[in-house]
Amino acid sequence: MPVTAARAVRTWRRPAAAWSPCPTRLSVGVGSLTTVNAGERIQELADQVVALRDAYYRGSPLVADAEYDAIEDELRALIEANPGLTPDPNPLEQVGAPSVLHAPVRHSRPMLSLEKATKPEQVAAFFDRFPGQPVAVMPKLDGLSVAVVYEDGRLVRAVTRGDGTTGDDVTALVRALVDGVPERIDAPGRVEVRGEAVMLRSIFAAYNAAHPDKPLINPRNAAAGTLRAKDPATVSERRLQFFGFDLDTSAEAAADLGQALRALGLEAADMQVCADAEQAQAAITEIERSRNERDYDLDGAVLRLADREAYAAAGTRSNSPRGALAFKFAAEEKTTVLLDVVWDVGKTGKIAPVAHLEPVFVGGTTVTRATLANQEVIRARGIRIGDTVLVRRAGDVIPFVAGVLDESKRTGAEREIVPPTTCPSCQQPLTEQGNSRELFCTNASCPAQTTRRLIHWASRAAADIEAVGPVWIERLAESGDLDNPPDFYTLTKERLLEFDRIGETSAARMIESIAASRNVGLRRALIGLAIPMASEGTASRLCRAGFRTLEEVADAGEERLVAVEDIGPRVAASLTEHLTRLRPELKRLRERGVSLDVREEDLPPVVAAGAPLAGKTVVVTGAINDPRSGEKVPRPAFQRLCEKAGATIASSVSANTDLLITGAEVGASKLAKAEKLGVQVTDQAQIWPQLIDAGIA
Ligand SMILES: NC(=O)c1ccc[n+]([C@@H]2O[C@H](COP(=O)([O-])OP(=O)(O)OC[C@H]3O[C@@H](n4cnc5c(N)ncnc54)[C@H](O)[C@@H]3O)[C@@H](O)[C@H]2O)c1
Ligand SMILES: [Zn+2]
């Protein structure tokens, strides 16, 4: 008998003590539980699994995935240790959740879950099971699986996984909203493609920026919500992308899965075919490393027999195929307690809410602080101090409080987050700006802003005064020694030595570091002045457009500035306004020997005579190494060499690309795209000799 949600809700109570998504809170290990206890615990965990799945598949998860997985893991271990106590039905042998179908359609063959692995030995064991079989390794995309069916070349149906046997018909939604699923393909008979529908991170971010009042919690939940909509028109801004990873066809097709999918015109998951466990492990490591260079969430890597017939022949277990394995990565989302919110004054006067959190290990580090964006986001997400909140840390992005998953955990002791009305630093009244009602302190002499601007001037992207850290800058600002960037250049070692706890050596180091920053130059000085709306790109473009000094930019006037590529009227106005205001500072920087002139490295490159890449539009991908020293060369540095060789650099492969230069560890998707567009692919080993011969490298 299938477990129904109704039964789960009835039997699953939430007594405070037993509610332990984190198994480490249970001090007893698997082996030390008595049989009676084990039986009770198994039932309790099984009920939790059923109820949590039900909530998750309805679109309102109560815990983060990592916490849910921990409950499954504990249950699995207990059942393994006590096979006689296996619950009937066993939720671990079921797929999805049964109760939420609106337009049920039965699948041609079950859509299953995946066996999980976390250790290299498990990858090796997988290869041992299928001697000689090549394995495709690809990202485990974090969206929801969809089966799309074609009949005689026409898309006839798209169905969600559902409980694995029966899914929901989402054909209209997929047609309207999902990219990568063509309406027609060139294949006779019945073709079924299975894959993952994901919301790209860029779409997710754009949606949340445009709708601060009704934010999406994460891309996976957003994708699932999109395919639950009653009417595609209501979710038209929530487009999804489909990536195929499974193909059923009786017609002629390549044995290699990725090739076969692409030949049909479908977007395929980024697959790399590996001959042995070692290669596969390297591919897994590379997927994890490049996790945040991709525009989609992924929670692991999937290994799957690359040969479609071998995969089918391997068969299935109760709820997973034998021919595939999921290697799980560290979680990018966890829940933790929001201890407090502190309003922080930034370098442009913006007052932003910062969450102070109970430490939580997420996205590979321990996080104690996260951003809450602004007061509208707090209001829309209904967050209170004391709440158990979902924290998301995807890549280099600052950790973010995504919301409150389970409001039933509230005790009543939670507190409203009250935005300040005056500046926490200078006590001046604040102003509100924009739809998200961001708070600003407009006091030009606000001490907190002063410190932030000085820290920014000293940061690596700007003057790079490495030896004078934020703590010292704060001290020197408090003592009145520093008020604006030119003040750095009048500091002396003697003056520094008057402070407590500073030795001769570090004082000398600080002064040296300040002296070295005198050659900051136009581009980095402009970055260091933190002019609202002017980005690092703006600074580069001004240099390339022929501006020689920062004063020339200040004098240019808006008309000449907007003539520069990608500089709009708002940026031009901001540059003019702020550089005019900063005129006295520029003068003092000059007087103190600071260069505000353009640096050679920021100019458009001088193309060498007989330039080997003249006129070519080039994309560089993979890891680049100088063959002479073997040392890694940063991609921008190599791109600059190519520019000197006459190339125009583009960031991604398109029909306009002439050449794709590949380094080590190249993603299969870039190669496939180049192949599809007929772009020439050349290894870096062929390019380096040309650069060296032309005297460029
Ligand atoms: N937060 C919660 O309360 C909660 C509750 C239930 C489940 N979950 C989460 O849902 C997931 C469990 O779902 P599951 O067991 O059904 O899925 P799974 O983790 O076993 O993976 C199977 C799924 O992976 C997807 N997938 C992505 N890329 C793939 C690829 N390249 N090849 C093959 N499949 C690919 C497919 O959709 C497939 O259905 C876990 O991540 C779990 O944490 C969370
Ligand atoms: Zn202030």
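## Basis

In this predicted model, local features need pLDDT of at least 70 and side-chain atom pairs count only at pLDDT 80 or more, while totals for chains, interfaces and linings use all residues. Residues are numbered from 1 along each chain as its sequence is written, and chains are lettered from A and ligands numbered from 1 in the order in which they are written.

## The sheet

Strands are DSSP runs of E with at least two residues, and helices are runs of H or I with at least four; two strands pair if DSSP finds at least two bridges between them.

S2 runs parallel to S12 (residues 324-328), joined by two bridges. Alanine 117 has phenylalanine 327 of S12 as its bridge partner.

## Lysine 140

Lysine 140 is part of strand S3 (residues 135-141). UniProt, in an unreviewed entry, gives Lys140 the feature "active site"; such annotations may be inferred rather than shown by experiment.

Lysine 140 is buried because it has 21 C-beta neighbours inside 10 Å, the cut-off being 20 or more other C-beta atoms within 10 Å, with C-beta atoms placed from the backbone. Beyond four places in sequence, its contacts (C-beta atoms within 7 Å) are Leu298, Asp299, Gly300, Ala301, Val302 and Ala326.

## Ligand 1

Domain 1 (5-93) and domain 2 (104-328) both contribute to the shell around ligand 1, so ligand 1 lies between them; the bounds come from an automatic or database domain assignment. Helices H2 (35-57) and H3 (65-81) and strands S3, S4 (144-151) and S11 (298-305) each supply at least two residues of this shell.

Conventions
Buried ≥ 20, exposed ≤ 12 C-beta atoms within 10 Å, placed from the backbone. Contact = placed C-beta atoms within 7 Å.
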